[in-house]
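Please read it alongside the sequence and the 3D view.

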Amino acid sequence: MAGVDSSLFRQVLGHFPTGVTIITAHTEGPVGVSVAQFFSVSLEPLLIGFCAIRESSTWPAIRQTGSFCVNVLADDQEALSRRFSQSDIDRFDGVAWTPAASGAPRLAGALAWIDADIVGVHEAGDHDICVGEVRDLAVEREGTPLVWFRGGYGRFAV
Ligand SMILES: Cc1cc2nc3c(=O)[nH]c(=O)nc-3n(C[C@H](O)[C@H](O)[C@H](O)COP(=O)(O)O)c2cc1C
């Protein structure tokens, strides 16, 4: 519909809660960025996806490696999410991680991780939709997730 303004769009879409992930890759060193727009795509084959804003400085580096690891954040990792959306810092300084099979960092303390190879990138407005085929994944610990809702962090309760 023509004439819908972007602030209304943000307000309405903000009422859909998501988890928070940090998507990583390994180039000359580790790179990573906070991403809420992560989703499951397909069971056969096993596909996942995320939306990356095209002006991102990290997304082109991730794309170039051809693979990525999704780290699903726990509700005690809000500071880590903030850190991985900051510029002009070494985001990995003091952050513990181990490499997934792709080499992409699995961050300590995350609830779960999914290592994937990029199989498609689809332009969509000011974002790219990146689709990845899962090569390995695991739940690391039981816990409750960090939640993103109405432009702020929250917690999950049953
Ligand atoms: C909670 C949260 C969720 C975010 N979700 C996304 C997202 O889904 N896609 C995206 O491209 N950027 C997202 N961002 C913004 C990026 O984390 C980052 O701030 C921005 O891309 C600039 O950093 P970069 O140049 O390293 O990409 C999110 C930031 C926060 C704090």
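## The pocket

On a 1 Å grid over the protein atoms alone, a pocket is an open set of points where a 1.4 Å probe fits, with protein on both sides within 12 Å along at least five of seven lines. A molecule sits in a pocket if more than half of its atoms lie within 2 Å of its grid points. Here the largest pocket is the space taken by the ligand.

The model is predicted: local features need pLDDT of at least 70, side-chain atom pairs count only at pLDDT 80 or more, and totals for chains, interfaces and linings use all residues. Residues are numbered from 1 along each chain as its sequence is written, and side-chain values use heavy atoms, leaving out hydrogens and water.

## The shell around the ligand

The ligand is surrounded by 17 residues, where near means having a heavy atom within 4 Å. Among the closest are Ser34 and Ile53. The shell consists of nine nonpolar residues, seven polar and one charged. At least two shell residues come from each of the strands β3 (30-35) and β5 (47-53); strands are DSSP runs (E, at least two residues), numbered from the N terminus.

## Polar contacts

A polar contact is a pair of N or O atoms within 3.5 Å. For Ser85, a polar backbone atom is 3.2 Å from a ligand oxygen atom.

The ligand taken alone exposes 610 Å², and the protein buries 81% of that (Shrake-Rupley method, 1.4 Å probe).

Terms used:
A polar contact is a pair of N or O atoms within 3.5 Å; within protein, one must be able to donate a hydrogen and the other to accept it, and residues adjacent in sequence count only if both atoms are side-chain atoms. On a 1 Å grid over the protein atoms alone, a cavity is a set of points where a 1.4 Å probe fits but cannot get out, and a pocket is an open set with protein on both sides within 12 Å along at least five of seven lines; lining residues have an atom within 4 Å of a point. Helices (H or I, at least four residues) and strands (E, at least two) are DSSP runs, numbered from the N terminus.
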